[in-house]
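Me: Before I rely on the terms used for this fold, I would like to go through them one at a time. Please set each term against its cut-off.

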Amino acid sequence: MMNKPIIGLTMGDAAGIGPEIIIKAAMNEDLYHTVRIIVIGDTDILFEARKAVRSNILLNPIHGVPEAGFKQGVLDVIEDRKSTRLNSSHIPLSRMPSSA
């Protein structure tokens, strides 16, 4: 159903828990029944967050909304590396409790 609202989520602080929260939220199958999600952020940081929470969700780097697939199990990400301006290998991820 294409009339679901599109929700844009910013990744937040690259060294914070935002990236991990986004990945965990995207793992919730019910979310895809109500909204279409696009993340604005750094795919490298999100990939590291994906590993940290042991998720197999796929990341789909896109340049704009028309490229989004809005598929369950695939997180569409509009690249915004300007917001981090850091090499992601130097950013220690926060460790969100697995119960969150």
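Reply: A nonpolar core is a set of buried Ala, Val, Leu, Ile, Met, Phe, Trp, Tyr and Cys residues joined through side-chain atoms within 4.5 Å. In this predicted model, the largest such core has 16 residues, of which I23, V39, L46, I57 and L75 touch the most other members. The elements that contribute two or more residues to this core are α1, β2, α3 and β4.

Me: What does V39 touch, leaving aside residues up to four places away in sequence?

Reply: Contact requires heavy atoms within 4.5 Å, and on that basis V39 touches L9, I22, L46, L75, D76, V77 and I78.

Me: Which residues of helix α3 are called buried, and why are they said to line one face?

Reply: Buried means under 20% relative accessible area, and in α3, which spans residues 43-52, the residues that qualify are T43, I45, L46, A49 and R50. Seen down the axis of α3, these buried residues fall within an arc of 155°, so they line one face of the helix. Their cover includes α1 (18-26), β2 (36-41), β3 (58-62) and β4 (74-79).

Methods. Residues numbered from 1 in each chain as written. Predicted model: local features only at pLDDT ≥ 70, side-chain atom pairs only at ≥ 80, totals over all residues. Heavy atoms only, no water. Buried < 20%, exposed > 50% of the residue type's maximum accessible area, 1.4 Å probe, protein only. Helix = DSSP H or I, 4+ residues; strand = E, 2+ residues; numbered from the N terminus. Arc of directions from axis to C-beta.
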